[in-house]
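Good morning, and thank you for coming. I shall speak about how two protein chains meet, and then about some particular residues.

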Amino acid sequence: MKQHLFLSLTLGTGWLLCPESLVMVGNGAGQMGWIALPLLVAIALLYSICNKLIQTPRFPDTTGGGFLLLKTMTGAIPAAGISLAAFIPLLILAATALLVTSGYTFNEVFLYWFPNFGFSFLLLALLCTLQLLPEKLIVRAQIFFVCLAAGGLLILSVYGITTSDIPTTAVLKESGSIWSSSSAILLLLFAGLTCNSNTQHSFFSVPVAGLLIFSLWIVASLTYVSPERLTSSTIPYMTAARKIMGEPGRQLMGIIVISGTCAAITGLMLLCKQMLCNIAGVNSPNSKFSRNLRWSFSPLIAMITGILLATGLAGDELLEVLLRGALILWLAHYTLLCFAAILHSYRKAKTVPWTGSVCTCVLMVALFSLITDNPHRMELLVFLFSVLIISGLFSTIWFYINTIHPNKHLTNGENR
Amino acid sequence: MKKILLLLSLTLLMAWQPAFAAEVQLMTKEELKSRLDTGDVTVLDVRSGRDWGSSEFKIQGAFRASGGDIAKWSKDYQKDQKLVLYCA
C-alpha cells in the first residue's frame, strides 16, 4: 500500500513542482497576498473531495486518465477523444515550454557558454531515452526528480522563513484580492493529478503535499519579495530564491527548475502511456501494444516537441495561450470525471454525493472563468475546439480500425 | 550589470532588407557597456514569448520591441539614433 501511495504521490506531484506552477504560485501570492494561503487550503480540500468521488466507483484505471469511468457516461469513442485531448496536448506543449525555461535557467545560472537551446534539446533527448527504459527505472528516476525538486523548495522555504528578521505575522498582514484571475489559475497547479484506487488514502496525498510545499513557499516569497514584484515578475521563483539565499539560492532554484521540468515531463509521459493502454484495453506491460508504445510514443512526442522548439514556438506569445488551453482541457476532463462518478453513483445507489457535486460545480465555474477571463479567448476557443475535433477523429479512426481488425494488437495474454 | 552584458548578443535583424543591410553594425559588449552610461544608445530587447519571460537577465532601461513589427516601431525613432537590438 505504501508503494502505491508513494507512486501516486510522485506521479501526481510532477506538474506541481515544475517552473510553470512556481510562476502561478508566485504571481498568485503577489496578487492575493496572505489570502493565497486559505485559498490553497480550499483548493487542496476541493481536489481531495473530487479525488474521493472519482475513486469511489473503484474503476481500475483512475491512474491513467479515468477512461473506464468516463466511458460509462459518454461511451467509448467520446471518452477516448476527451482523454486524448486532455493529456496529449498538455504533454507536448508543457514539454516545449518547460524545456525552454530549463534551457535558459541552465545557461544563466550554471554555464554561460552553454547555449540555452542546446540544453533544451539535450534534456529532451535524455528524457526521451529515459522513457525507453523499463518502467521500474522510469518510476525510480521520477522519484529522484520529485524528491530533488520538493526537497530543494522545502530547504529554500524553511531557510527563508527561519532566517528572516521580518516576523511571519507581519508578512501575512499584506492582503490582496481573492477575486483576481489567479484564484482560478491556482486550480491548474494540480494538472495531471491522479489518485490510485488501490490505495485508501491516495485521494488526499497529492493535494496535501502541494498544500504543504506551496504554503511554505508562499510565506517565504512574501517575506522577501514585495507583492508588486511577485505579481509582475515572469520568474517570481528566481527572484524569491535570490533574495532568500543569494547566489546559492539561485543555484538551488536552478536545480529545482531543471528537476521539476524532468518530473513534470516524465510524469505526464507515464500518465499518457497508461491512458493509451487503458483506451486500448491493455493492462499487461509485456503485451505487444505496451512494447510498441514504449518504443514509439516517447520518440514521437520528442520529435514533435523538437520541431516546435526548432520552429520558434518558444519565442511566440501563442505558446502561452496554447499551454493555458491544454491545462483548461485537463481541468475540463477532470470535471467530466467527477460528473461521471456522480452519474455512476446515482445509477447504482440512486443517491447523489452532495459535497462532490458542489465541488464539481465549483470546477465548472472555474473553467468558465478561466476561458472568459483570458485576454486571448478567441484563440483559446479555436484551440480548444480544434483539439477536441482532432482527438475525436483520432479516437473514431482508432476504434473503427479495431472493429475491423479486433484484437490485432492484443497478444501475450492481455485482457480487454 | 556584468552578468547582463555577458549575455548580450547583438544581432542583425531584418538584414535581408537592403535599406538596413549596408548600415547595420555589430557592437561589442564592452562598447555597449561604455555607451550605456552616456545614454547615447537606445537598447531594444527583441526577445519575445518565453525567450523573454524565462530569462532572468533584462537590461535596465531597455525597451521591448517585437522583431516582426520593425516597420511599426522603427517610425518612433529618428534615423540617426543608435539602436541596439539584442535577442539572447
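The contact between the two chains draws 23 residues from chain A and 15 residues from chain B. Please keep in mind that this is a predicted model. Between them, chain B and chain A bury about 1600 Å², and 45% of that area is on carbon and sulfur atoms. On the side of chain B, the residues that lose the most area to chain A are B:Arg50, B:Asp51 and B:Glu56, which together account for 46% of what that side buries.

Let us turn to the polar part of this contact. There are 14 residue pairs in polar contact between chain B and chain A, counting pairs with both residues at pLDDT 80 or more. Which elements of chain B give two or more residues to the side that touches chain A? They are α1, residues 2-6, and α4, residues 49-53. Helix α4 of chain B provides the largest share, five residues. By type, the residues on this side of chain B divide into six charged, five polar and four nonpolar.

Next, the salt bridges. In general, side chains of opposite charge can pair when their charged atoms come close. Over all chains the count is nine salt bridges, and the count between chain B and chain A is five.

Other salt bridges lie within chain B. B:Glu31 and B:Arg35 meet through their side chains at 3.4 Å, N to O. These two residues are both in helix α3 of chain B, residues 29-38, and stand four residues apart, about one turn of the helix. An α-helix has 3.6 residues a turn, so residues three or four places apart point the same way. B:Glu31 is partly exposed, with a relative accessible area of 32%, and B:Arg35 is partly exposed at 21%. The salt bridge between B:Asp45 and B:Arg47, at 3.0 Å from N to O, has buried partners: B:Asp45 has a relative accessible area of 3%, and B:Arg47 one of 4%.

I shall finish with two residues of chain A. Is A:Gly260 buried or exposed? A:Gly260 is buried, because its relative accessible area is 0%, under the 20% limit. This glycine lies in helix α12 of chain A, residues 236-280, and its contacts include A:Gly14, A:Cys18 and A:Ala149.

A:Lys350 is in the loop between α14 and α15, and its phi is near 55°, a positive value in a residue other than glycine. With a relative accessible area of 58%, A:Lys350 is exposed.

Methods. Residues numbered from 1 in each chain as written. Chains lettered and ligands numbered in written order. Predicted model: local features only at pLDDT ≥ 70, side-chain atom pairs only at ≥ 80, totals over all residues. Heavy atoms only, no water. Contact = heavy atoms within 4.5 Å. Buried area = accessible area lost by both parts, 1.4 Å probe. Salt bridge = Lys/Arg side-chain N within 4 Å of Asp/Glu carboxyl O. Polar contact = N/O pair within 3.5 Å; in protein donor to acceptor, adjacent residues only side chain to side chain. Nonpolar A, V, L, I, M, F, W, Y, C, P; charged D, E, K, R; others polar. Buried < 20%, exposed > 50% of the residue type's maximum accessible area, 1.4 Å probe, protein only.
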